[in-house]
Amino acid sequence: MTGEPALPPAGTVGRAALLAPLSAPQAAIGQIMRSAASLGGNDIGPGAEVAVYDSGGTEAIAVAAARAAMADGAQMLLGPLLSGQSRAVAAAAGRVPVVAL
């Protein structure tokens, strides 16, 4: 082993957080992202498999959203949308995977 955490058993359902710009000038895109996350009847929000957090329009807001998501148990971060925010969130996420959009 290289010190990496063991993978969970097959079939394990994890929690992901979608970091979307819900309050920034790109809020319309953020709402579309939120709607897409619920396609197929998937619940979104606190306690659901995918929780949605407002990444706002700045790096600081996105990092705060990512930290809140991780504190709430997110095991993967989806987003944020903006490149500067993605770099800041990746730097703050530690071992939590970040899928940049």
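**A chat about strands, a helix and a surface patch**

Biologist: Where does Leu 81 lie?

Modeller: Leu 81 lies in the loop between E3 and H3, where helices (H or I, at least four residues) and strands (E, at least two) are DSSP runs that are numbered from the N terminus. This is a predicted model, in which local features need pLDDT of at least 70 and side-chain atom pairs count only at pLDDT 80 or more, while totals for chains, interfaces and linings use all residues. Residues are numbered from 1 along each chain as its sequence is written, and side-chain values use heavy atoms, with hydrogens and water left out.

Biologist: And why does Leu 81 count as partly exposed?

Modeller: Leu 81 counts as partly exposed because its relative accessibility is 25%; buried means under 20% relative accessible area, exposed means over 50%, and partly exposed is what falls in between, with a 1.4 Å probe and protein chains only.

Biologist: What is Leu 81 in contact with, leaving aside its neighbours within four places in sequence?

Modeller: With those neighbours set aside, Leu 81 is in contact with Leu 19, Pro 21, Ile 29, Met 33 and Leu 101, contact being heavy atoms within 4.5 Å. The C-alpha atoms of Leu 81 and Ala 62 are separated by 9.6 Å, and these two residues are 19 residues apart along the chain.

Biologist: Let's turn to the sheet. What is the order of its 4 strands?

Modeller: The sheet is open, its strands follow the order E2-E1-E3-E4, and the pairing is parallel. The edge strands are E2 and E4, each of which pairs on one side only. Two strands pair if DSSP finds at least two bridges between them.

Biologist: How many bridges are there between E1 and E2?

Modeller: Strand E1 (residues 16-20) and E2 pair over 5 bridges in the parallel sense. Leu 18 has Val 52 as its bridge partner in E2, and Leu 19 stands opposite Tyr 53 in E2. E1 is also joined to E3 by 3 bridges, again running parallel, and there Ala 17 stands opposite Leu 77.

Biologist: How many residues of E1 are buried?

Modeller: In E1, 5 of its 5 residues are buried, and both faces are covered, with Ala 16, Leu 18 and Ala 20 on one side and Ala 17 and Leu 19 on the other. E2 is mostly covered as well, since 4 of its 5 residues are buried.

Biologist: Switching to helix H1, which of its residues are buried?

Modeller: In H1 (residues 27-37) the buried residues are Ala 27, Gly 30, Met 33 and Ala 37. They cover an arc of only 110 degrees around the axis, so they sit on the same side of H1; the arc is that of the directions from the helix axis to the C-beta atoms. Ala 28 and Ile 32 are exposed on the other side of H1, and what covers the buried residues includes E1 and E2.

Biologist: Is Ser 55 buried or exposed?

Modeller: Ser 55 is buried, because its relative accessible area is 0%, and its place is the loop between strand E2 (50-54) and helix H2 (59-71). Neighbours within four places in sequence aside, its contacts include Leu 19, Ala 65 and Pro 80.

Biologist: What joins Gly 79 and Pro 80?

Modeller: A cis peptide bond joins them, with omega about 10 degrees, and Pro 80 lies in the loop between E3 and helix H3 (83-92).

Biologist: Last topic: which residues form the nonpolar patch on the surface?

Modeller: Met 76, Val 99 and Leu 101 form the patch, with about 250 Å² of accessible area together. Accessible areas come from the Shrake-Rupley method with a 1.4 Å probe, and for residues only the protein chains shown count as cover. Patches are made of residues with over 30% relative accessible area and no salt bridge, where like charges are joined within 9 Å and nonpolar side chains (Val, Leu, Ile, Met, Phe, Trp, Tyr) within 5 Å. A salt bridge is a side-chain nitrogen of Lys or Arg within 4 Å of a carboxyl oxygen of Asp or Glu.

Biologist: Where is the place of Val 99?

Modeller: Val 99 is in strand E4 (residues 98-99), and at 37% relative accessibility it counts as partly exposed. Met 76, in strand E3 (residues 76-78), counts as partly exposed at 33% relative accessibility. Not counting residues up to four places away in sequence, Val 99 touches Met 76, Leu 77, Leu 78 and Gly 79.
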